[in-house]
Amino acid sequence: MAGLTINNVTKKFQAFEALKDVSIDVREGEFLAVLGPSGCGKTTLLRIIAGFEQVSQGEIRIGGKVVSSAKLNVAPENRRIGIVFQNYALWPHMTVAENIGYSLKIAKTPTAEREQRVSEALKLVDMQGYGDRAPANLSGGQRQRVALARCLVATPELVLFDEPLANLDVHLRASMEDEFADFHKRTGTTIVYITHDQSEAMALADRIAVMDQGRLVQLDTPHKLYHEPATPMVASFISQGMVLPVEVTSSGVDGTCAASLFGQPITLRCRPSGDPRGTALACCRSEMVRIVGQGEAGFEGKIMRVVYQGGLARIEFAPDAAPDVTVHFVQADPITLEPGQTAKLAFAGGWRIPSEGAI
Ligand code: ATP
């Protein structure tokens with residue numbers, strides 16, 4: 001097992017910068033998810049860590065040893081990295097045990113040791129007794145576990161997952177998420193897990209690196225990303241946070257600041273560093289929205305859409321003070337709200353997104 005250091009890495013494809021000065025320190029035994037929208041540079045980062053691409057600037061270190069820089073590129077097979085791809089890539093003509101033991105066979109590992117290591121790897125992914133099966137006779141989740149066992153048999157220092165659940169149905173995804181989490185707990189392997197699915201990243205990772213347009217925009221725990229997004233992009237990408245315009249009226253040295261949202265006073269959490277007063281953006285979450293009575297403080301507006309989701313509905317609301325802005329919240333069954341109705345809402349709080357450059 002080893003830690004991974006990505007140090008000021010830039011990757012250029014001709015004039016285009018796919019990665020821009022990315023730095024991430026992955027601790028030994030940590031589960032790090034790299035999350036971001038399509039085209040943000042996730043796969044490029046994975047390919048650089050694995051050794052399929054060379055950095056243009058900066059360096060990659062595994063367990064303290066430099067494996068990639070502008071001058072040096074250690075070959076993938078010499079990096080002791082395991083990779084689990086989304087398409088499993090199992091050999092159809094080999095049994096499960098043969099698939100898992102293939103790299104050991106190529107390395108001329110003696111048969112007894114090979115069988116022992118294959119059986120240990122099968123045990124690690126909870127697939128004892130499946131060694132003689134053909135991959136065709138396994139479910140998608142079982143194939144993904146065989147792919148994981150095949151990468152573990154080579155005792156990698158670091159395991160990279162490239163969107164491993166992308167081809168699985170919703171139910172199987174949830175159970176594989178549990179299995180990956182269990183596997184990480186049992187083995188303590190350092191994992192870098194690439195995904196564009198934020199709920200998967202939140203469920204699995206110790207920390208999440210959010211990327212956008214080749215840059216690292218925030219590296220934090222799932223809880224911190226949710227409650228204290230560093231940019232409007234992170235706020236809206238993580239659990240569809242609402243990014244709303246506010247007028248901040250106090251400088252917030254104690255970690256909260258006074259502001260006005262749709263003409264109503266609101267107390268926001270904020271960095272204690274004292275971002276300037278004035279126009280700013282706040283991240284508000286739907287669970288902080290409350291429908292209030294006519295005599296109470298709140299902002300008026302109109303229900304625009306009601307989308308039933310089973311047990312609850314997502315309600316979209318346009319405030320009279322800013323009809324172009326959408327406020328969304330949920331109502332549990334029985335659903336009483338309808339499009340066209342007027343209502344009055346209040347926010348119990350929110351997070352002031354730091355001014356640009358304040359992090
Ligand atoms: P997705 O989730 O869609 O797979 P991604 O976040 O993995 O996206 P990358 O595949 O890393 O994104 O691509 C990042 C950017 O770099 C994209 O704009 C892509 O077109 C560009 N890019 C990637 N590989 C090359 C290449 N070999 N030559 C030129 N541009 C490339």
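Reader: Leaving aside its neighbours within four places in sequence, what is Gly-41 in contact with?

Author: Ala-18, Leu-19 and Met-211. Bear in mind that this is a predicted model.

Reader: Okay. Where is Gly-41 found?

Author: In the loop between strand E3 (31-35) and helix H1 (42-50).

Reader: And is Gly-41 buried or exposed?

Author: Buried. The cut-off is under 20% relative accessible area, and Gly-41 counts as buried because its relative accessibility is 9%.

Reader: You mentioned Met-211. What's its bridge partner in E10?

Author: Leu-216. That pair belongs to the antiparallel strands E9 (residues 207-212) and E10, which are joined by five bridges.

Reader: Which sheet are those in, and what's the strand order?

Author: An open sheet of six strands, ordered E6-E7-E8-E3-E9-E10, with mixed pairing. The edges are strand E6 (81-84) and strand E10 (215-220); each has a single partner strand, so one side of each has no neighbour in the sheet. From one strand to the next, the twist averages 20 degrees.

Reader: What does H1 touch when it packs on the sheet?

Author: H1 touches E3, E6, strand E7 (158-162), strand E8 (190-195) and E9, and its direction makes about 150 degrees with that of E7. H4 packs on the sheet as well, touching E6 and E7, and its direction makes about 170 degrees with that of E6.

Reader: Why would residues three or four places apart in an α-helix point the same way?

Author: Because an α-helix has 3.6 residues a turn.

Reader: What follows H2?

Author: Lys-108 comes after H2, and its phi is positive, near 60 degrees. For background, most residues other than glycine have a negative phi.

Reader: Which loop is Arg-80 in, then? I had that residue marked.

Author: Arg-80 is in the loop between strand E5 (65-69) and E6. Its phi is positive too, near 50 degrees. At 42% relative accessibility, Arg-80 counts as partly exposed.

Reader: And Glu-163, buried or exposed?

Author: Glu-163 counts as buried, at 11% relative accessibility. Its loop runs between E7 and helix H5 (170-187), and its phi is near 45 degrees, a positive value.

Reader: Changing topic. What's the order of the open sheet of five strands?

Author: E15-E19-E16-E17-E18, with antiparallel pairing. Strand E15 (289-291) and strand E18 (327-332) stand at its edges with a single partner strand each, so one side of each lacks a neighbour in the sheet. Neighbouring strands here are turned by 45 degrees against each other on average, direction ignored.

Reader: How many bridges join E16 to E17?

Author: Seven, between antiparallel strands at residues 299-308 (E16) and residues 312-319 (E17).

Reader: Which peptide bond is cis?

Author: The one from Asp-333 to Pro-334, with omega near 0 degrees. Pro-334 is in the loop between E18 and strand E19 (342-347). As a general point, most peptide bonds are trans.

Reader: Now the whole chain. How many helices and strands are there?

Author: Eight helices and 20 strands. The C-alpha trace spans about 80 × 50 × 35 Å along its principal axes.

Reader: What share of the residues is buried?

Author: 47% of the 359 residues. As for contacts with a separation of 6 or more, 63% come from residues 24 or more positions apart.

Reader: And how much of the accessible surface belongs to carbon and sulfur atoms?

Author: 51% of a total of about 17,100 Å².

Reader: Last one: how far apart are the mean positions of the charges?

Author: 5 Å, for 36 positive and 40 negative charges.

Notes:
Residues numbered from 1 in each chain as written. Predicted model: local features only at pLDDT ≥ 70, side-chain atom pairs only at ≥ 80, totals over all residues. Heavy atoms only, no water. Helix = DSSP H or I, 4+ residues; strand = E, 2+ residues; numbered from the N terminus. Buried < 20%, exposed > 50% of the residue type's maximum accessible area, 1.4 Å probe, protein only. Contact = heavy atoms within 4.5 Å. Areas by Shrake-Rupley, 256 points an atom, 1.4 Å probe, with all protein chains shown as cover. Lys, Arg positive; Asp, Glu negative; His and termini not counted. Charge placed at Lys NZ, Arg CZ, Asp CG, Glu CD. Pairing = 2+ DSSP bridges. Axes fitted to C-alpha atoms, helices over the stretch in contact; angles between N-to-C directions.
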